[in-house]
Amino acid sequence: MYFDVASTAPLHPVARQALTAALDEGWADPARLYRSGRQARMLLDAARETVAAVLGARTDEIAFTASGTQAVQLGMLGALTGNRRRGSHLVHSAVEHSSVLHVAERRETEGGEVSVAPVDRTGRVDPAAFGALLRPDTALAVLQSANHEVGTVQPVGEVAALCADAGVPLLVDAAQSVGRVDVPAGWSLLTASAHKWGGPPGVGVLAVRKGVRYSSPLPADEREGGRVPGYVNVPAIVAAAASLRAVRAEADGENARLHALVERIRARVPQLVPEIEVVGDPVRRLPHIVTFSCLYVDGEVLLTELDRAGFAVSSGSSCTSSTLTPSHVLAAMGVLTEGNVRVSLPYGTAEADVERFLAVLPDLVAGVRAPLGLDLPAPHREPRPEPAAQTLVLDALGQRCPLPVIELAKRIGEVPVGGTVAVLADDEAARLDIPAWCGMRGQEYAGEAPAAEYGGDRGSAYLVVRRS
């Protein structure tokens, strides 16, 4: 199961369709006046209108970049250059993305000043503390809409009001929130990244409000309003806009469902695993991200074990990055910087997948800790009734669907009405096909459990209660 959409989301089906069509219709240079060029220009303009509508911006305020990182860097450097007469002071929070920190480091090496607003233990900025750092010579303030490691939503509206009163432009890095939740109000510049919402990689968005002083830090170029030089990837931009429109249409229903699944993880992980802490704001957070810290655990080892168990997650630990320093986000929050697991659920995540994650996690953490010889409490076991006499176990391990479903259909009559059949299978298609079969045949699908609880050495046990 892929539980790492905070890093990058799978390509949305709508993006795939739009990309294929745009490769045929939008391949030409949109700056040319011949027919194929005009066609590409129409597609590019329509994509810009879609993105502008979602962001609450004008179309001429939107420029497409090669990535979200490039959008942040061009946005910051352009605003700092445009406001150089005001001063050389920059303000940002302690938990910004590394793209912000790298620009800030460059600013300091060039003689500018940088102030960093602290966060509390949940990763949230205090608006008053942020506002107190603004000065008459502040050229730019930067605040993310929501944190990429722990999901905490920042008080952008309150900070934006303070920046407006001080006459300071505010750049909002909205990479994690665009497409999922409403865009915060009050920004002067805003950046986003298409592959975070299910668009193709290689497309970023830089929005600059009219009236904001902005001067490109790069040599002049006539494309993208002079903000981003170089040829634009029209097919990828079209696909990015189409998928953004699609995910916004799905967001309300999916957000509520994913929020409930994340709440389940937040509540049950500390119950199931000893010496663990869930981090991030428990209320003001994105609906799909949860991060927890495991004491006495090497994050890389745990992530490897989870990968072997079939779960792709990420970590805020230094061992999973290319650096030798701990996560600056977790360090700023004052929480454990090693042994962290970030789970970020994609649209469509099934409840059974979350239950399986919760089922395998305790033993994996215990296994990683075992060589340390620490006297730790044993993993909590939620009571599960032993398989009753009327439970029939069907071993379909190693068989590809539809064989496990066929075996279930043949033998469900061997248990009485109210009895259970546990189908052991390691083909991922069984997770979809067995519940679908139950719906078609009037039987009850009772969820899944680790196959080990029913004598299997791998895979899952899919539980079916006979109702007819």
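A: Fine. Contact here means heavy atoms within 4.5 Å. Keep in mind that this is a predicted model.

Q: Which residues touch the most other members of the largest nonpolar core?
A: L55, I62, F130, L170 and W197, in a core of 54 residues.

Q: And which helix gives the most to this core?
A: Helix α7, residues 234–272, with ten residues.

Q: What lies apart from it?
A: Another core, of 31 residues. Among them are V262, V273, L303 and L345.

Q: Switching to S344. Where is it?
A: S344 is in strand β10, which covers residues 340–344.

Q: Buried or exposed?
A: S344 is buried, because its relative accessibility is 0%, and the cut-off for buried is under 20%.

Q: What is around S344?
A: Not counting residues up to four places away in sequence, S344 touches F3, D4, V5, A6, H288 and I289. With V5 there is also a polar pair: a polar atom of the S344 side chain lies 3.0 Å from the backbone nitrogen of V5.

Q: Now the surface. Which residues make the nonpolar patch?
A: Y296, L372 and L374 make a nonpolar surface patch of about 290 Å².

Q: Where does Y296 lie?
A: In the loop between β9 (289–294) and α8 (299–308).

Terms used:
Residues are numbered from 1 along each chain as its sequence is written. This is a predicted model: local features need pLDDT of at least 70, side-chain atom pairs count only at pLDDT 80 or more; totals for chains, interfaces and linings use all residues. Side-chain values use heavy atoms; hydrogens and water are left out. Patches are made of residues with over 30% relative accessible area and no salt bridge: like charges are joined within 9 Å, nonpolar side chains (Val, Leu, Ile, Met, Phe, Trp, Tyr) within 5 Å. Accessible areas come from the Shrake-Rupley method with a 1.4 Å probe; for residues, only the protein chains shown count as cover. A salt bridge is a side-chain nitrogen of Lys or Arg within 4 Å of a carboxyl oxygen of Asp or Glu. Helices (H or I, at least four residues) and strands (E, at least two) are DSSP runs, numbered from the N terminus. Buried means under 20% relative accessible area, exposed over 50%, partly exposed in between (1.4 Å probe, protein chains only). A polar contact is a pair of N or O atoms within 3.5 Å; within protein, one must be able to donate a hydrogen and the other to accept it, and residues adjacent in sequence count only if both atoms are side-chain atoms. A nonpolar core is a set of buried Ala, Val, Leu, Ile, Met, Phe, Trp, Tyr and Cys residues joined through side-chain atoms within 4.5 Å.
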